[in-house]
Amino acid sequence: MNYRHIYHAGNFADVMKHALLLRLLAALRRKPKPFLVLDTHAGIGRYDVTSEQAEKTGEWREGVGKILEAPPPALAEYVETVKRLGLYPGSPVFSAAALRPRDRLVACELHPEDAAALRRAMRAYEHAAVHERDGYEALGAFLPPPEKRALVLIDPPFEQPDEFSTLAKRLNASWKKFPAAVYAVWYPIKHRAPVRGFFETLKLAGIKDVIAAELLRRPDTDPARLNGAGLVIVNPPFRFEAEAAPILAACLEMFGEAGGRAGIERIIHE
Ligand code: SAM
């Protein structure tokens, strides 16, 4: 496990992922019944973008750093939340800060040092529990939750060459156990073939109601580069697609290069 998110925190992919996460959380809050957020690959929760590691790549400057002063309207809520939460918030902090008194967060992180840092970051949040454990296994352990409502964020580091296939397998098993959850699954876009293969596997598995929200900064032709990123969403909440479209368009405007594109594709019908 070499991946450390501090090198990438606040980059264009985080902006897109976290801005969409905020809309998913808002959608779940529209109904009074409490829900669980299960964050399977949580990271450390708070990131100092002035740290040596973050400055080494400088990715945040090309991401959140570009929009802090004058965010496009569709990213204003996200930027306000980043400023209100302080440091650069990771997914479990965005989620915990959005919970109501009866909602819960379970955040899993396998790296021992990162899990300890996450535990420190989450102390401020009463309804958050941190588990140092494999996030994929946590899907089996925590679902279905007693609340019978859940948002599940699966955001693996893609260090393993077979991550797409693991992801598809684990998502399928989890969906079979608890088909009602909203699943948001992050994936990198380097070149198209593995992404297409991932979508095909989901189709063959029989999972229903799936969309993919994507930001392609530049054509996905050079497999050595992170050309874009996507979120597969199973059971997208009512109005989510309409809310996500301007966020993706703003991300394209801010982070896109020649040949870039952004949008939502329906992968599997309801
Ligand atoms: N979700 C975080 C966010 O948006 O702020 C970023 C997470 S980062 C992309 C992936 C994290 O997963 C890393 O911190 C890594 O240590 C952790 N990780 C890797 N394999 C894991 C596993 N099997 N279970 C849980 N965490 C894992």
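**View 1. Buried side of helix 4 in a predicted model.** Helix 4 spans residues 76-85, and its buried residues are Tyr78, Val79, Thr81, Val82 and Leu85. They lie on the same side of the helix because they cover an arc of only 160° around the axis. The arc is taken from the directions from the helix axis to the C-beta atoms. Buried means under 20% relative accessible area, exposed over 50% (1.4 Å probe, protein chains only). The model is predicted: local features need pLDDT of at least 70, and side-chain atom pairs count only at pLDDT 80 or more. Residues are numbered from 1 along each chain, and side-chain values use heavy atoms.

**View 2. Surroundings of helix 4.** The buried residues pack against helix 1 (12-29), strand 2 (46-47), helix 3 (64-67), strand 3 (88-89) and helix 5 (91-98). Contact here means heavy atoms within 4.5 Å. Glu80, Lys83 and Arg84 are exposed on the face turned away from the buried side. Just after helix 4, Gly86 has a positive phi of about 75°.

**View 3. Ligand shell.** Of the 20 residues around the ligand, His18, Ser91, Glu109, Gly135 and Asp155 come nearest. A residue counts if one of its heavy atoms lies within 4 Å.

View 4. A polar side-chain atom of His18 sits 2.8 Å from a ligand oxygen. A ligand nitrogen lies 2.9 Å from a side-chain N or O atom of Asp134. A polar backbone atom of Leu110 is 3.2 Å from a ligand nitrogen.

Methods
Helix = DSSP H or I, 4+ residues; strand = E, 2+ residues; numbered from the N terminus. Polar contact = N/O pair within 3.5 Å; in protein donor to acceptor, adjacent residues only side chain to side chain.
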